Structure formats: C-alpha cells, structure tokens
Amino acid sequence: MGSYIERPPLPALAGVVRTVWIQRTGAAAYLQRHLPTGGVEIHFPIGGRPQLVGPLTGPEIEVIPAHTTVVGVRFHPGTAPPLPTVLDDLVDQRLGLAELWRSSADRLVEAMALAGTPERALRYLQVHLLQEFRSTVRVDPLVGEAVQALMPWRPVNIDTLATHLALSPSQLRRRCLHAVGVSPKVLQRTLRFQGFLALFQAGATAPGRRGADGLAGLAVDAGYADQAHLSRECLRLTGLTPREFVGVNVDRCACDHDHSASYQSYLDSRSRQPLVV
C-alpha cells in the first residue's frame, strides 16, 4: 500500500512554500488526480527527472508507476522558484526542471539520488530552494497582499481589492497573471475550493464520517452560495461531482494519506480579520 504524507516546510521557506510531501506508491501504479491550488509545484521522483507543474485551472490526471517515491514542494500563490518566464506562460503545463534550470537541475538530480533517504532528499531540495530565493527570487508584495485578501471565508469584491491596493482592476489583473498565472477572480474561486477541502479534510478524520447532508453546511462555511454552487465548482476543478469526490477522498485519506499540513493554514485563516472590509 502506498502513502502520502505532507509536512510544513523548513521555517525559512514558510513564507513562500505552503507544504512539502513524500509520496510512495505500492505494488501497483497509482492514479493521481492533481487539483488547482493557486500555486506551482515541484514533483521530484527519486532517481528520476524533476518537473515543475504550472498553475492548474482544472484537474490533471497522472499515473505514477509502482514502487515510486516522489518528494514534492507546493508553493503559495504568488511565489515560485526561479523561472525564465512569467507564470501565465506556464498555466496547465508540466515542464522538466532541466529545461528551466539547466546545469543546476542536473546537479540537484545527482545530489537527490545520493541522499540515501526520501527525508534527506526532501531536505536537500528545500535547502537548494532556500538558496535560490535568497539570491534571485523576488516576490511582488502587492500580489502577496491580494492573495491573503482572496483567501476563503470572507467574500471580497475584486474592484474593491484593487482600490485597497492603489491599483486599477486591470493593473491588479495583469500583476496577478504574471505572478500567480491566473486572474484574481480565478484565484479567488480556487482558494475558496481549497477552503472547502480544508474543512472536509478536518471533518473526514472526526468520529463518524460526514455524509452528503453535511456537504451543504461545508459549502456555506467555505463561502459558496449553496450546495449547487459548490457542485458546479467541484466539477470544474476536480472533474467529479461532490458526492464522487467525497467518496474517493474519504477512502484514500483513510489509508496513509495525510494532508493536514497543507490545509492547516486555511483553517487558521478563518479567525483572522479580513484585509479589505
């Protein structure tokens, strides 16, 4: 049986990295459904070639071979490793890091293969990213503030947000496209669904499985108008209906799949005051 365990990043990366993980497949290939998160990801099979997954706008299905170990890094929206282009050029794309980082990617692949354990390899990858961020990467502070304002729980009008940031709506859109890969509205919809997933993951481990009747309450808590609104967004972002998605993920998360590190920041954000009133 395979496993997927998330954990917080190194403290020095917490401002740019949402979570890191180690995934192991078992004796059979594993069908992985990647969902939009608002950020980019690095997928690094141990002994294989690392890839950068650009911002997703819909589900991406990947078959991970049997007996494979993958370490990964998921970035916050608006942050990314050093890249030769803006993020709206990478939407819904998967690129080899060798194409983007050239010789430094080759050195990283070799070092990761010699790390000995996935845990050491993941730490080495994070140290490498920390060095890159210290030397080359610059984060747009206004986009960072916009991302925080667009977190779920409190609806924010995009035009009002632009005014709060002393930008025109078109300026905010352009800066979000370059730094995040998608428009503020698309990001807001993605983050709202991530908020729903955070609530679902927290409830899925509680005594007594949440049934379909609980979805309506989760939908409203996450900022949806009603369950029908959630259903439309779930189908768009996952390719599944909420009932299908809940069934698949309750089964998977009961067997060595731990997503708590990824969603804790969403749950924590519920108690914070909104940036825009």
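**Inside the cores and across the salt bridges**

Start with Phe193. Setting aside neighbours within four places in sequence, Phe193 is in contact with Leu35, Tyr224, Leu230, Cys234, Leu237 and Thr238. This is a predicted model. Is Phe193 buried or exposed? Its relative accessibility is 1%, so it counts as buried, because buried means under 20% relative accessible area.

Phe193 belongs to the largest nonpolar core, which has 40 residues. Leu161, Leu172, Phe193 and Phe196 have the most contacts inside this core. Several helices give two or more residues to it, among them helix 4 (141-149), helix 5 (158-164), helix 6 (169-179) and helix 7 (184-204). Which helix gives the largest share? Helix 7 does, with eight residues. A second core is separate and has 30 residues. It includes Leu52, Val109, Met112 and Leu125.

Now look at the aromatic rings. The whole structure holds four aromatic pairs. In one of them, the ring centres of Phe193 and Phe196 are 5.6 Å apart and the planes stand at 35°, so the pair is tilted. Both residues lie in helix 7, three residues apart, about one turn of the helix. Phe196 also has 1% relative accessibility, so Phe196 counts as buried.

Turn to the charged side chains. A search of the whole structure finds nine salt bridges. One of them pairs Glu119 with Arg24, the closest N and O atoms being 3.4 Å apart. This pair links distant parts of the chain, 95 residues apart: Glu119 is in helix 3 (residues 118-135) and Arg24 is in strand 2 (residues 17-24). Glu119 is partly exposed, at 36% relative accessible area. Arg24, at 32% relative accessibility, is partly exposed as well.

Arg49 and Asp106 form another salt bridge, at 3.2 Å from N to O. Arg49 sits in the loop between strand 4 (41-45) and strand 5 (51-53), and Asp106 in helix 2 (residues 103-113), so the pair ties together parts 57 residues apart in sequence. Asp106 counts as partly exposed, at 42% relative accessibility.

Next come Asp140 and Arg175, with their closest N and O atoms 3.0 Å apart in a salt bridge. Asp140 is in the loop between helix 3 and helix 4, and Arg175 is in helix 6, 35 residues apart. Arg175 is partly exposed, with a relative accessible area of 29%. Finally, a network of salt bridges links Glu6, Glu41 and Arg74.

Key. Residues are numbered from 1 along each chain as its sequence is written. This is a predicted model: local features need pLDDT of at least 70, side-chain atom pairs count only at pLDDT 80 or more; totals for chains, interfaces and linings use all residues. Side-chain values use heavy atoms; hydrogens and water are left out. A nonpolar core is a set of buried Ala, Val, Leu, Ile, Met, Phe, Trp, Tyr and Cys residues joined through side-chain atoms within 4.5 Å. Buried means under 20% relative accessible area, exposed over 50%, partly exposed in between (1.4 Å probe, protein chains only). Helices (H or I, at least four residues) and strands (E, at least two) are DSSP runs, numbered from the N terminus. Contact means heavy atoms within 4.5 Å. Rings of Phe, Tyr and Trp (its six-membered ring) pair if their centres lie within 6.5 Å; planes under 30 degrees apart count as stacked, over 60 as edge-to-face and the rest as tilted. A salt bridge is a side-chain nitrogen of Lys or Arg within 4 Å of a carboxyl oxygen of Asp or Glu.
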